[in-house]
Amino acid sequence: MAQLTGRVARRGSEAVGGLPVRDWVSINTQPTRVMGFDQSLVWVVLALLSLGLVMVYSASIALPDSPKFAKYAPTHFFSRHMFSLLLALVAAGIVSQIPLSVWERVAPWLFVASLFLLMLVLIPHVGKGVNGARRWLPLGLMNFQPSELAKLAITLYAADYMVRKMEVKEHFFRAVAPMAVAVGVVGLLLLAEPDMGAFMVIAAIAMAILFLGGVNGRMFFMITAVLVGAFVLMVSLSPWRRERIFAYLDPWDEKHALGKAYQLTHSLIAFGRGEIFGEGLGSSLEKLHYLPEAHTDFLLAVIGEELGFIGVAVVIFAFFWVVRRLFHIGRQAIALDRVFSGLVAQGVGVWMGAQAFINMGVNLGVLPTKGLTLPLMSYGGSGILLNCVALAICLRVDIENRQLMRGGRA
């Protein structure tokens, strides 16, 4: 005030001993806008979906040159993937409007429905077999994979289970054993297909939710030891699984390079050709019938060859960001005393992170070869559909969190 008074006094002719006064003030009368959902999460997911569509087209455009796909048009897989994306986005928009309380009520029934479909797919002439595995139910417009629904079902069921068992979570037989039996039944059905990759993801989801739900640490490590022992036993008793492990340990041996490690060696060649900046979009050579399943399980190898280390690093960072954001939404929900919603969001984060990690590890030769797609990106209608539905449920968790923090009701 003293400085202003002195400044005005010095002006003399303009004012004498007074302060400058404006008779109008520009005030923004618009209320502060608080977004009702996490826009950044939506945009990152849409970016992954869009990049996946482009790379599926690039990886599959040459497939009709092979006698196996001679009847297909060059845009066959692109158009089907586009249809799956549109269906998934519509389903995600609908699911984002469903309150979490509804999912909590239907979680046990959804789990039972997934078990029924996993049994149905094993029936001859009902389930569709491809490359020796019976994993799909033909529905005309798309082949539905029940194991994808089982991932969502186990996420919802495990979260609901932990909420119901919160009071007895320190007792093994009352809290952990029933959940272990449920996962064991799902595992037996998946191994009968066989689909060990899906079982690994489902086991990771169930264990993570048990751990995040507050199960005793000793119980958790005991369950981990049992699961590791079960996987070791399955590998040791299965000759073709043992061959995959040996091929993974020495993929460049002539016997393995032309056998069980054929996909792995060509995937590594693709990454090597890509170097830092890649060969350019559409310029992959490995997709020209050298690398099998380039548009599904080994899409990351095509990304590495065409977009290089930079492209792969962007994809890895995007998945890391999505998983981190899902865990943040989950922690926020738990802080608001919404345990079911929080565990669901974190369970979906484990699902996306574990499946992406396994797929990337297989492509890069860090893990033994498993038939597991890259979430949100690889070709596969039911995978894209259930990934988007799961993320829409997490978006609904975030919407309800924001409603509560603004003083409303979820």
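User: Where does Leu376 lie?
Analyst: Leu376 is in the loop between H13 and helix H14 (381-405). Helices here are DSSP runs (H or I, at least four residues), numbered from the N terminus. The model is predicted: local features need pLDDT of at least 70, side-chain atom pairs count only at pLDDT 80 or more, and totals for chains, interfaces and linings use all residues. Residues are numbered from 1 along each chain as its sequence is written, and side-chain values use heavy atoms, with hydrogens and water left out.

User: Why is Leu376 called buried?
Analyst: Its relative accessibility is 2%. Buried means under 20% relative accessible area, exposed over 50%, and partly exposed in between (1.4 Å probe, protein chains only). Leu376 therefore counts as buried.

User: What is noted about the phi of Leu376?
Analyst: Phi is positive, about 70°, although Leu376 is not a glycine. Most residues other than glycine have a negative phi.

User: What makes Phe309 exposed?
Analyst: The relative accessible area of Phe309 is 52%, so the residue is classed as exposed. Phe309 belongs to helix H12 (residues 299-335).

User: How do you know that the peptide bond from Glu193 to Pro194 is cis?
Analyst: Omega of that bond is near -5°, and the bond is listed as cis. Most peptide bonds are trans. Pro194 sits in the loop between helix H6 (172-192) and H7.

Conventions: Helix = DSSP H or I, 4+ residues; strand = E, 2+ residues; numbered from the N terminus.
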